[in-house]
Amino acid sequence: MNKKRMLTVASLGLAQLMIGQVANAQTQDSLQLKDVVISATKNDQKQSQTGKVVTIISREVLDRSNGKSLPDLLNEQAGIIISGGNSNQGKDKSIFFRGSGSGYTLVLIDGIIQNDPSSISGTFDLRLFSIDQIDHIEILKGGQSTIYGSDAVAGVINIVTKKGGPKGNTIYGVASAGSFETYKGTIGLNGGVEDFSYNINYTHFKTDGISEAVAPVGSTAMFDKDGFKTDGLNANFGIKLDKHFSVNPFLRYFYGDYKIDEGAFADGLPTNNSILKQFSAGFNSEYKFNTGKITLNYSHESNSNDVKSSYAGFPSNFLNFGKLNVVDLFYNQKLGNKLDLLVGIDNRKMKLVTDTKNPTTNIFAAYGSLFLHDLSIFNLEVGGRYNKHDQYGENYTYSVTPSINIIKEVKLFGTVSTAFKVPTLNMLFGQYGANLDLKPEKSQNYEAGVNLNIDEEAFTLRITGFKRDLTDAIVYTTGYINQGNQKYKGFEIEPAAKFSVFNINGYYAFVEGNTGTTNFLIRRPKHTFGINAGAQATSNLYASVNFRYFGKRFDTNFISYLDEEMPSYNLLNAYVEYALAKKRVKVFFDAKNILNKKYTEIIGYNTPGFNFNTGVSFNIR
């Protein structure tokens, strides 16, 4: 099926937006629902009770995103830019959150810290997790180190996986195919009996892709395609030992084989590849009593990246391997109807395995917060954290988050906090430029805004301004050093409305920064804009259109190694879904087109223009 036919199919689907009338239409993007409980705060707060800036990507949104990857979905959120998110699917992805560089956003899975000690920045690889394995996503913006420690400088992304279903067994899955010989399949089984539940799913994803590198101007060389294949297994179990005590073990394994090029304008040998593996296992356990609960989380994680390259004509093989063990024990206690207490301790042990040495670091922390809520019109959260690292010593963080519900429809909120990021194992002990005298990077964060909620969320508007000052930033010169300060500031406007069968929401985000050496941000535009319009055209038919604008930004020319200003570009996405068999089976079509793409000849990396995915999802009991 060619491009014109694909566009025709999409147009016909969208033309049906006006068919029928169905109340309570669902949104393709995330609305800020005031009564949604946020587990990532570790206090199970409602959005109406906290001054934190929270975005929930709901189960409905995920179910209507079958043609997308996790980086695609996060790239649609205000304040988040996924570097490489619109390039070849196999290319590595980095989270740039509110102007921050890679490594300043902490990723959690079911509230447990994810970190890759084998990588330079220590970040979790977004390519290894399929959205088909996710129930919903919680995004906490701003510094969250008081609760989660290192890396939670710009924000936290909590991925909540699918859990066991109702009694009996349910088979569910997704099968799809798309452009560039792309195929994905997910099969899962969940259910439960009394006091036991389970969810097990497996995803296989494969694509031929496109060439990651662009041939230089004037060259007639034919670069080979850089595809990839991934496999992911996710298993969750719930065991209720009695009415107070439950244990929830989990097991996850991800494998990715990515073809890679030598770099900008440079094709690689067909044997060039990067093989990523991640294994994690652990449990979440809770003991509940009348006015509180005790939670213990444990996770063991191992990561490896085996890179085969022929850079500069010299074949080489690099193997990076790291381990992470996390223990987090915390206690929640209600001190009356309006005051909650959270206290906890956690320990994070990281290990880097190399050919010559196996260094480790350990960071221990004690933290606590008081949550005053629903006191007339006032809510307040105050917290602090003590950290002890076995290399650099001690540091502290704090946060103060007030909010005021002036009237039912208007809430003012703000936060003053500090956050930090520890030097990674590669920075302390690695082969290139290691420095054992490195201190943690520290930030001072400010945030304030207003949230409007009119006619029971028929219209909502959130406006947020933020400022972040980072000190002791770690940079690489002749080696890693703490050098200089970095400053970021910006604001986000997020309106949403729903009426009749329609939902429409959008955002405008502005960010600017000074990295100490430049007064601009690499790969992070000052201006981004997005709008999504969806309609439940009939009880079975849903359709939406998503448009995003990415403004001018700077990137590095990999021929001259000078920073050059890149032109703006637009991204258009269309989605159509039709439900069958009492809505247990859905067929979908998702298409994406990058418009005004003019910069590949400068940067040297390819970006696909039009691409699509079509398939079926099912849920059978």
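A residue is treated as partly exposed when its relative accessible area lies between the 20% under which residues are buried and the 50% over which they are exposed. In this predicted model, R523 has a relative accessibility of 33% and is therefore partly exposed. The side chain of R523 forms a salt bridge with D555, with an N to O distance of 3.2 Å. This pair links distant parts of the chain, 32 residues apart: R523 is in the loop between strand 28 (502-514) and strand 29 (527-536), and D555 is in strand 31 (residues 553-556). D555 has a relative accessibility of 12% and so counts as buried.

The count of salt bridges comes to 32. One of them joins D135 and R59, whose closest N and O atoms are 2.6 Å apart. Because D135 belongs to strand 8 (residues 134-141) and R59 to helix 2 (residues 59-63), this pair ties together parts separated by 76 residues in sequence. D135 is buried because its relative accessibility is 19%, whereas R59, at 31%, is partly exposed.

A further salt bridge is found between R98 and E492, with 3.0 Å between the closest N and O atoms. R98 and E492 are both buried. Both residues also belong to a network of salt bridges that includes K141, E447, R462 and E494.

D257, in strand 14 (residues 245-259), is buried but has no salt bridge. The nearest side chain of opposite charge is that of K259, at 4.8 Å; the cut-off for a salt bridge is 4 Å. The side chain of D257 instead makes a polar contact of 3.1 Å with the side chain of N273. Apart from neighbours within four places in sequence, the residues in contact with D257 are G227, F228, K229, N273, S274 and I275.

A nonpolar patch on the surface consists of I171, I187, L189, I200, Y202, L233, L251, Y253, F279 and I620, which together have about 790 Å² of accessible area. Two or more residues of the patch come from each of strand 11 (182-193), strand 12 (196-207) and strand 14. I171, another member of the patch, lies in strand 10 (residues 168-178). Its relative accessibility is 41%, so I171 is classed as partly exposed.

How values were computed. Residues numbered from 1 in each chain as written. Predicted model: local features only at pLDDT ≥ 70, side-chain atom pairs only at ≥ 80, totals over all residues. Heavy atoms only, no water. Helix = DSSP H or I, 4+ residues; strand = E, 2+ residues; numbered from the N terminus. Buried < 20%, exposed > 50% of the residue type's maximum accessible area, 1.4 Å probe, protein only. Lys, Arg positive; Asp, Glu negative; His and termini not counted. Polar contact = N/O pair within 3.5 Å; in protein donor to acceptor, adjacent residues only side chain to side chain. Contact = heavy atoms within 4.5 Å. Patch = residues over 30% accessible without salt bridge, like charges linked within 9 Å, V, L, I, M, F, W, Y side chains within 5 Å. Areas by Shrake-Rupley, 256 points an atom, 1.4 Å probe, with all protein chains shown as cover.
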